[in-house]
Amino acid sequence: MIALEFWDYIIIFSFFTLTLGIGLYVSKSAGRSSADFFLSGRSMPWWLLGMSMVATTFSTDTPNLVTDIVRTNGVSGNWVWWAFLLTGLLTVFIYARLWRKSNVNTDLEFYELRYGGAPARFLRGFRALYLGVVFNVITMSAVTLAAIKIGGIMLGLEPWQTVVSAGLITVVFSAVGGFKGVVYTDFVLFFVAMAGAIGAAYYLVNLPEVGGLDALLVHENVKDKLDILPDMDDSGSWIPLLVIPLAVQWWSSWYPGAEPGGGGYIAQRMLSAKNEKHAIGATFFFNIMHYAVRPWPWILVALASLVVFPDLESLRQAFPVVTDDKLGHDLAYSAMLTKLPAGLLGLVLASLVAAYMSTISTQLNWGSSYIVYDFYKQRINPEASEKQLVRVGRSATVGLMAISALLALALQNALQLFEVLLVFGAGTGLIFILRWFWWRINAWSEITAMFVSGVLSLLLKLTPMGEYLFADDHGVLPAWSEYIFVVVLTTLAWLTVTLMTPPEEHRVLLDFYKRTRPGGPGWKRIVKDDRSGELGTDTEGSWSVPSGILAMLVGSVFIYSSMFSVGYWIYGRWTAAILLSLLSLAMGAVLLLLWKKIKQIIK
C-alpha cells in the first residue's frame, strides 16, 4: 500500500471533475432520442471516433494482460493479440463502408436486414442477450478485476471498495451522457492514459534495482523474454504462439473489439460516423494507434517487473494482503506502479482510472444499445417512445454495471478470461466475414455456429474431456490443437446446415444487396434474377474487395514493421531497426496509392 500526497489528490480530483463535467454537459442532447443516446446522431468525425476506439481498448486489464503474457511467454507471446491486426485492417478496407451503408442502429439489427423470418428474429433477440449481457458482463468483469488488483496493491482497498468507488462514477456519467459523453471523454482519457503509461515505463525502467534500459536488456531474468518471434526450434512454442494466431485465430474467432467483419462497439462507432469515409478513417487510425504506438510502454514495465518481482512468491511476500485467489503474474504491473513518486503516481492512477472508465463506459453504452434496440423494442414494447427507449437504456446501463461488478469479485486473472473467450467464439468468425459476400449463408448458419462453438467450448473447459483430449503431457493431442479442433468442427457443422437448409427469400437478399451493394461473384445469382433492373448486371466492376485485401496485407506489413522497429530501436539492434523503419515507410507509400484506388471504386 502507498500513501498518496497532495499533488496526487489534485490530479485525480481534477480528472474526475472534468470527466463528470463532460457527461453532465452533453446529458441534455444525449437524452433527446435513442439515436442520440447510442449513436450521437450519426454525426461523428473520424479522428474523434478513432481516438475513442483506442481509448476504449486502453482498459485497466490490458497492461495486466500484457504483463501476464510477457512474464509467462515472453514478448513473442503477444502474437495472441497482435494477430488481430489482420482482422482490424480487413474491417478498415472492406467492412467499414458496408456497415455505414447498412444504416442500422446496432450490428445485431443487421440480422433482420440480411436474413428473414423467425430464425432472424430469434438470432437477433438471442444475441442481444448473449452478447449484450453475457459476453459484455464477462468483458467488464475482467476490466473490473484489474481495477480490484490495482486498488488492492496500490491503495490497500478491499475488492468491494474498489468496485463501488470506480464503478459509481463511471455508471453515472455513462447513464447521463450516453454515447456522446463516452466519445468526448474518451478524447481526454486517451491522452491521460498514454501520458501515464509512458511516464511509468520511463521511471520504472530507471529504478535503481533495475538499473536502466541497458542493464534491463541483459538481465538473466529478462534476456530470454525479449524475442519478438518465438523459438522456431520449439514446436510447442512457435505453433501456438505464432502459427495458430496468424493462420487460424484472426479470421475464425469472435472476440470483443476484434470481430471478423467488424461488429460490437467498433461497429457502433462506424455506424455513428458522418459517412463511409469517416468510418474507414476512424478504424484505420485506431489500428495504427492500437498496435504500432501503445504496446511498448506496457512491455517495458512487464520486463522490468521480472527483475523486481521475478516470481509469484516474491509478489506474495511483497503484498501479503493479496489473497491467493487474486495472486497471478498480471499482478506484477500494479506492483511496479507502487514504486512511482508523488505527482507521477497521481498521473498514473488517473490514467488507470481513465482506462477503466473509457472501457466500461463503452461496454455499458454498447451493451445497453443491444438490450434497448434488439430486445426491448423488438420483443417487449415495439411502440416505445424515444423517451422510453432512453430510460430503458439508462436502466440497462446501471444493471449491467452491477452484474459485472459482482462477477469480478469471483475472478482470478485476466489471461484466464481471454483464453476462454477466444475458444468460446472459435469457428464463428468465418461466417461474419462471408455473410456479406455469399448469398447462400442463412440465419441457420449463424445459429448452428454459435451453439456448436459454445457447447464444444463448455465441454472442453468444464469437463474432463478437455484434459483427456488436449494436454501436452498425457493428452491424445497437444494442447495447442484444442483451438483448431473447435474451429474445424464448428465450420463443418455450419457449412453442412447451410447446404441442408433453404436459402433466404429472394426479396430479403435483394433488399440487402440494394442497401449495402457488397458486389462480387457471390451475389451473381441474385443480381441475375433481379427483374426490376435496379441493380444492373455488373457485380464485379465496382467490387472493392480485391483491392481491400491487398491494402489489408500492405497495411499489416506497414503497422507490424512500425511496431517492431520501435522494439528494435529500444533493444539497440540498429540494423534490424533501420531496415524495419525503411520497410514501414515504403509500405506506407504503397498504401497511399492503394487507398486512392479504393476511394475511386467506392465513390
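Where is the place of Asp 224? Select Asp 224 and look at the elements on either side: Asp 224 is in the loop between helix H11 (212-217) and helix H12 (235-252). Keep in mind during the tour that this is a predicted model.

**Stop 1**

Color Asp 224 by accessibility. Its relative accessible area is 57%, and because buried means under 20% and exposed means over 50%, Asp 224 counts as exposed.

Next, select Glu 220 and Lys 223. Their side chains meet in a salt bridge, at 2.9 Å from N to O. Glu 220 is exposed, with a relative accessible area of 55%, while Lys 223 is partly exposed at 43%. Side chains of opposite charge can pair when their charged atoms come close.

**Stop 2: salt bridges across the sequence**

How many salt bridges does the structure hold? There are eight salt bridges in the structure. Two further ones are visited here.

Select Glu 112 and Arg 124. The closest N and O atoms of this salt bridge are 3.0 Å apart. Glu 112 is in helix H8 and Arg 124 in helix H9, twelve residues apart, and the pair links distant parts of the chain. The accessibility of the two partners can be read next: Glu 112 is partly exposed at 29% relative accessibility, whereas Arg 124 is buried at 5%.

Now select Glu 209 and Lys 339, whose side chains meet in a salt bridge of 3.6 Å, N to O. Glu 209 lies in the loop between helix H10 (159-205) and H11, and Lys 339 in the loop between helix H17 (331-337) and helix H18 (344-380), so this pair ties together parts that are 130 residues apart in sequence. Glu 209 is partly exposed, with a relative accessible area of 40%. Lys 339 is also partly exposed, with 30%.

**Stop 3**

Is Leu 131 buried or exposed? Leu 131 has a relative accessible area of 2%, so it is buried. Leu 131 lies in helix H9 (residues 117-155). Select Gly 367 as well and draw a distance between the two C-alpha atoms: they are separated by 7.5 Å, although the residues are 236 apart along the chain.

**Stop 4**

Select residues 386-408, which make up helix H19. At 1.5 Å a residue, the 23 residues of H19 should span 33 Å, and the end C-alpha atoms are 33 Å apart, which agrees. Among the buried residues of H19 are Leu 389, Val 390, Gly 393, Ala 396, Thr 397, Leu 400 and Ser 404. An α-helix has 3.6 residues a turn, so residues three or four places apart point the same way.

Then select residues 481-500 for helix H24. Its 20 residues should span 28 Å at 1.5 Å a residue; the end C-alpha atoms are 29 Å apart, which agrees. The buried residues of H24 include Tyr 483, Val 486, Val 487, Thr 490, Thr 491, Trp 494 and Thr 498.

**Stop 5: two residues with positive phi**

Select Asn 103, in the loop between helix H7 (84-102) and helix H8 (110-114). Phi of Asn 103 is near 60°, a positive value in a residue other than glycine. Asn 103 is partly exposed, with a relative accessible area of 42%.

Move on to Arg 517, in the loop between helix H25 (506-516) and helix H26 (524-528). Here phi is near 50°, again a positive value in a residue other than glycine. Arg 517 is partly exposed, with a relative accessible area of 36%.

**Stop 6: a nonpolar patch**

Which residues make the nonpolar surface patch of about 680 Å²? Select Trp 569, Trp 574, Ile 578, Leu 579, Leu 582 and Leu 585. Helix H28 (residues 574-602) gives the most to this patch, with five residues. Trp 569 lies in helix H27 (residues 545-571), and at 39% relative accessibility Trp 569 counts as partly exposed.

Key. Residues are numbered from 1 along each chain as its sequence is written. This is a predicted model: local features need pLDDT of at least 70, side-chain atom pairs count only at pLDDT 80 or more; totals for chains, interfaces and linings use all residues. Side-chain values use heavy atoms; hydrogens and water are left out. Helices (H or I, at least four residues) and strands (E, at least two) are DSSP runs, numbered from the N terminus. Buried means under 20% relative accessible area, exposed over 50%, partly exposed in between (1.4 Å probe, protein chains only). The expected span of a helix is 1.5 Å times one less than its number of residues. Patches are made of residues with over 30% relative accessible area and no salt bridge: like charges are joined within 9 Å, nonpolar side chains (Val, Leu, Ile, Met, Phe, Trp, Tyr) within 5 Å. Accessible areas come from the Shrake-Rupley method with a 1.4 Å probe; for residues, only the protein chains shown count as cover. A salt bridge is a side-chain nitrogen of Lys or Arg within 4 Å of a carboxyl oxygen of Asp or Glu.
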